Amino acid sequence: MTLKLVKKLFIGACMSLAVMSTAHAETKDRFGGPIKLLVGFPAGGAGDTIARLIAEKLTSSLGATVIVENKPGAGGRIAAEVLKNAPNDGRTILITPLAPMVIAPLTFNKLHYNPDKDFVPVAGLVKFPLTIATGANSPYSTLPELIAWYKANPSQTSFGTSATGSQLHFLGLMLSQAAKVDLTHVAYQGGAPLVTDLMGGHIPAAIDQFPLELYRNGKIRLLASSGATRSPLIPDVPTFKEQGYPGVEGEAWFGAFMQANTPPAVVQQVSEALASAVQQPDVKQKLMQAGMEPTGLKAPEFAAQVREDQARWKPVIEASGFRGD
């Protein structure tokens, strides 16, 4: 090997290292410190699970340390307020369900943030259907049979959910309007007592994201799911649409939001990293096992979904007259 060739190889190697160092420095400088994933619920819940599964992937793809910070309270609204008051440097990302961004603005007069003005949708992460269920020993095994039973028993037209003023609550009201049955909402203090009463036959039906083990083990019957199409998580459960109620639709989701004034280049970079993270085979498998279907929607697609859900739920909530404060 000649001296000239050695020099050429050395210079080429130095240039490659310089390019790599510059790229790393640009990523590091862009964030200027650790990235925080805000979750508005306690550790162990769905949002926390999602955040912890993608944190390691983001550390690798964004070249910055990623930490999960739980800010539970007020149904996720406290974490949204934290994001509103965070710097617009791209280092704070809110992992949130639909409710704080779509339901809360339609039900609370005194909300300390405006999703349309204060935040920018960054990525859709997962979705999952809401289902209407009955106990395994109920006298109805399909949605049409349940509706017929309601109409034949007008004094027992109740349905339960784990929270008043929730997407679950309003899906029930959506069904009530579509089926022309005056359904009465019964709010439980969480999913456990709801399931206990459902399995015990103390309430005719309930709407929730039920643990799939209960369904697979024959403890409950799932009569309909709320997606536009059947969910791969429960492919044998028909949608409301399939059973004659095309207007009863609306899946639950978790997505990522950032401060509204975050530089567009940063939003795009984080959006692509998040969308990719939930589609990684190991992450995807764990999410599916937890009952969540990865979506990996990038910013423009996710923003469109948020607008669609705002338009979907506004007339239902306004017709109900419900207020959260």
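Me: Let's start with I147. Is this residue buried or exposed?

Reply: Keep in mind that this is a predicted model. A residue counts as buried when its relative accessible area is under 20%. I147 has a value of 4%, so it is buried.

Me: Where does I147 sit, and which residues is it in contact with, leaving aside its neighbours within four places in sequence?

Reply: I147 is part of helix 7, which covers residues 143-152. Once you set aside the neighbours within four places in sequence, I147 is in contact with L175, A179, V181 and Y245.

Me: What about K180 itself, buried or exposed?

Reply: Exposed is the label for anything over 50%. K180 reaches 72% relative accessibility, so it counts as exposed. K180 is in the loop between helix 8 and strand 7 (184-187).

Me: How do I read a phi angle, and what is phi for K180?

Reply: Here's the general idea: most residues other than glycine have a negative phi. Now the case here: phi of K180 is near 55 degrees, which is positive although the residue is not a glycine.

Me: Which value of phi does A74 have?

Reply: A74 isn't a glycine, and its phi is positive too, at about 55 degrees. You'll find A74 in the loop between strand 2 (66-70) and helix 3 (77-84). Its relative accessible area is 36%, so A74 is partly exposed.

Me: Let's move on to V126. Where is it, and is it buried or exposed?

Reply: V126 lies in strand 4, residues 119-128. Its relative accessibility is 1%, so V126 counts as buried.

Me: Which residues does V126 touch, not counting those up to four places away in sequence?

Reply: Quite a list! V126 touches I50, A252, W253, F254, L287, M292, E293, P294 and T295, with residues up to four places away in sequence left out. As for Q280, it is 154 residues from V126 in sequence, and the C-alpha atoms are 13 Å apart in space.

Me: How do I look for pockets, and how much space lies in the largest pocket?

Reply: The general idea is to roll a probe the size of a water molecule over the atoms, which shows where empty space is left. In this model, the largest pocket holds about 1,300 Å³ of space. It is lined by 50 residues, and F128, S162, L168, D208 and Q209 are the closest to its centre.

Me: What classes of residue make up that lining, and which domains do they come from?

Reply: In the lining of the largest pocket, 31 residues are nonpolar, 15 are polar and 4 are charged. Domain 1 and domain 2 each give at least three residues to the lining. Several elements supply at least two residues each, among them helix 2 (46-62), helix 8 (167-179) and strand 10 (252-259).

Me: S162 was among those closest to the centre. Where does it lie, and what does its side chain join with?

Reply: S162 is in the loop between strand 6 (158-161) and helix 8. Its side chain and that of D208 are joined by a polar contact of 3.3 Å. Aside from its neighbours within four places in sequence, S162 is in contact with L168, Y188, G190, G191, L194 and D208.

Me: How much space lies in the second largest pocket?

Reply: About 210 Å³. There are 13 lining residues, and K127, E251, Q305, E308 and R312 are the closest to the centre. By class, the lining has 3 nonpolar, 4 polar and 6 charged residues. Helix 13 gives the most, with 4 residues.

Me: Let's step back. Which domains is the protein divided into?

Reply: Domain 1 takes in 35-127 + 251-320, and domain 2 takes in 131-243. Their centres, taken over C-alpha atoms, are 27 Å apart.

Note on methods: Residues are numbered from 1 along each chain as its sequence is written. This is a predicted model: local features need pLDDT of at least 70, side-chain atom pairs count only at pLDDT 80 or more; totals for chains, interfaces and linings use all residues. Side-chain values use heavy atoms; hydrogens and water are left out. Buried means under 20% relative accessible area, exposed over 50%, partly exposed in between (1.4 Å probe, protein chains only). Contact means heavy atoms within 4.5 Å. On a 1 Å grid over the protein atoms alone, a cavity is a set of points where a 1.4 Å probe fits but cannot get out, and a pocket is an open set with protein on both sides within 12 Å along at least five of seven lines; lining residues have an atom within 4 Å of a point. Grid points are joined across faces, edges and corners, and a volume is the space filled by probe spheres set on the points. Ala, Val, Leu, Ile, Met, Phe, Trp, Tyr, Cys and Pro count as nonpolar, Asp, Glu, Lys and Arg as charged, and the others, Gly among them, as polar. Domain bounds come from an automatic or database domain assignment. A polar contact is a pair of N or O atoms within 3.5 Å; within protein, one must be able to donate a hydrogen and the other to accept it, and residues adjacent in sequence count only if both atoms are side-chain atoms.
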